[in-house]
Amino acid sequence: MVQAAMTQAEYWNGEVGQRWARSQAVLDAVFAPLTEALFSGAALPPGAAILDVGCGAGATALIAARAAGAGGRVLAADLSAPLLSVARGRPVRAGDAPVAWIEADAETHAFGADAFDHAISRFGVMFFSDSHAAFANIRRALKPGGRLTFLCWRAMADNPWVTVPRAAVLPLVPDASPPDPDGPGPFRFADPEGLARLLEAAGFDAVACEPVARDLVLGRAQDGAARTAAEAAAAVVVGLGPVSRLLRDREPPVRQAALEAVTEALVPHARDGAVRLGAGCWLVSAAG
Ligand SMILES: C[S@@+](CC[C@H](N)C(=O)[O-])C[C@H]1O[C@@H](n2cnc3c(N)ncnc32)[C@H](O)[C@@H]1O
C-alpha cells in the first residue's frame with residue numbers, strides 16, 4: 001500500500017491533506033448524518049473542556065464549541081498543516097467556546113494531565129502509528145470521570161458507499177495491494193472486540209461500540225437527472241476516501257477511466273436527483 005511507505009504526517013501534509021482541505025465543504029455535507037450521530041452520542045454539556053483529536057478542517061471542533069458555549073473551551077489537534085489552515089479560517093460564532101487549533105501528533109503531544117472533560121473524534125483516530133500510545137496519551141489528558149467518544153468505520157462490507165465504487169475501480173488497477181487490516185487506515189477498527197481490548201489496554205473502561213448506519217448523499221443533480229447526480233457522486237468518491245487511495249499515483253488516463261466506471265456504477269443508485277449509499281460506523285464511547 002503506497003500509504004505505508006510514508007509517515008502519517010507526510011501523508012496528511014502532502015497531496016492528500018491538500019485535497020481534503022479543498023473538499024472541506026463537500027465532506028462536511030456528505031458526513032453530516034454521521035456527525036449528527038457523533039454529537040448525539042457525545043451529549044457534550046455546556047461549560048465542557050473538549051479535545052478534538054484529528055480535527056481535520058475543523059467542522060467537529062466548531063460544533064463542539066457551540067455545544068460547550070462561552071463557559072467551555074475546545075482544543076482541536078491535527079498533524080496536517082493544510083487542514084488546520086482551513087480550520088483556522090473558519091469563524092467561531094459569538095457565544096461559542098473559544099477554539100485553539102494546534103498542529104500536534106496525538107500520540108506524543110503533552111496535552112496536559114487531567115485537562116479535558118471529553119475527547120471526541122470524527123474518523124481521526126484510525127491513522128495512528130502506535131494506537132496504544134495515542135489512546136493512552138488521550139486518556140491522560142482526560143479529567144477523572146472524563147469521556148472519549150469517536151466515530152470509526154465498520155468493515156468495508158458494511159459500507160456500500162465504498163464497496164460499490166471500489167468494485168468499479170478494481171478492474172482498472174489489478175495490481176492494487178489490499179489494505180493492511182492492522183495498519184493505519186480507515187477500516188482498522190472494524191472489529192469492535194479488538195478495539196475494546198485496545199482501549200482497555202490504554203486505560204479506558206466501560207467501552208461501548210454502538211453500530212451506526214446512515215445513508216450518505218454522495219452527489220446531487222440540479223437537473224434531477226440520474227447521470228448528473230452520479231457524475232457528482234463519482235467525483236466525490238474518486239477524489240476522497242478509500243477509493244481515492246486506489247488511484248493515488250495513477251496516470252490521468254487511468255483516473256479518467258475510473259471516474260467513468262464509477263459514474264456508470266452509481267447511476268442505478270440515483271433516486272430523485274441524488275445518489276445515496278449506505279455507510280456503517282461504530283459510535284465508540286469509553287470512560288477515561
Ligand atoms: C480521515 S481524516 C478526518 C478529519 C476530520 N476529523 C474530519 O472528520 O473531517 C483523519 C485526520 O486525522 C489526522 N491524524 C492522523 N494521525 C494523527 C495523529 N497522530 N495526530 C493527530 N492527528 C492525526 C489527519 O491529519 C486527518 O486530518
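Buried here means under 20% relative accessible area, exposed means over 50%, and partly exposed covers what falls in between (1.4 Å probe, protein chains only). The model is predicted, so local features need pLDDT of at least 70 and side-chain atom pairs count only at pLDDT 80 or more, while totals for chains, interfaces and linings use all residues. Residues are numbered from 1 along each chain as its sequence is written, and side-chain values use heavy atoms, with hydrogens and water left out.

On to the aromatics: the structure holds 11 aromatic pairs. Rings of Phe, Tyr and Trp (its six-membered ring) pair if their centres lie within 6.5 Å; planes under 30 degrees apart count as stacked, over 60 as edge-to-face and the rest as tilted. Tryptophan 12 and tryptophan 20 make an edge-to-face pair, because their planes sit at 75 degrees, with the ring centres 5.5 Å apart. Tryptophan 12 is buried at 10% relative accessibility, whereas tryptophan 20 is partly exposed at 22%. Both belong to one aromatic cluster, formed by Tyr11, Trp12, Trp20 and Phe127.

Then there is the tilted pair of phenylalanine 135 and phenylalanine 189, whose centres are 6.0 Å apart and whose planes meet at 50 degrees. Phenylalanine 135 lies in helix 6 (residues 131-141) and phenylalanine 189 in the loop between helix 7 (160-169) and helix 8 (192-201), so this pair ties together parts 54 residues apart in sequence. Helices (H or I, at least four residues) are DSSP runs, numbered from the N terminus. Phenylalanine 135 is buried at 0% relative accessibility, and phenylalanine 189 is buried too, at 5%.

Definitions and conventions:
Helix = DSSP H or I, 4+ residues; strand = E, 2+ residues; numbered from the N terminus.
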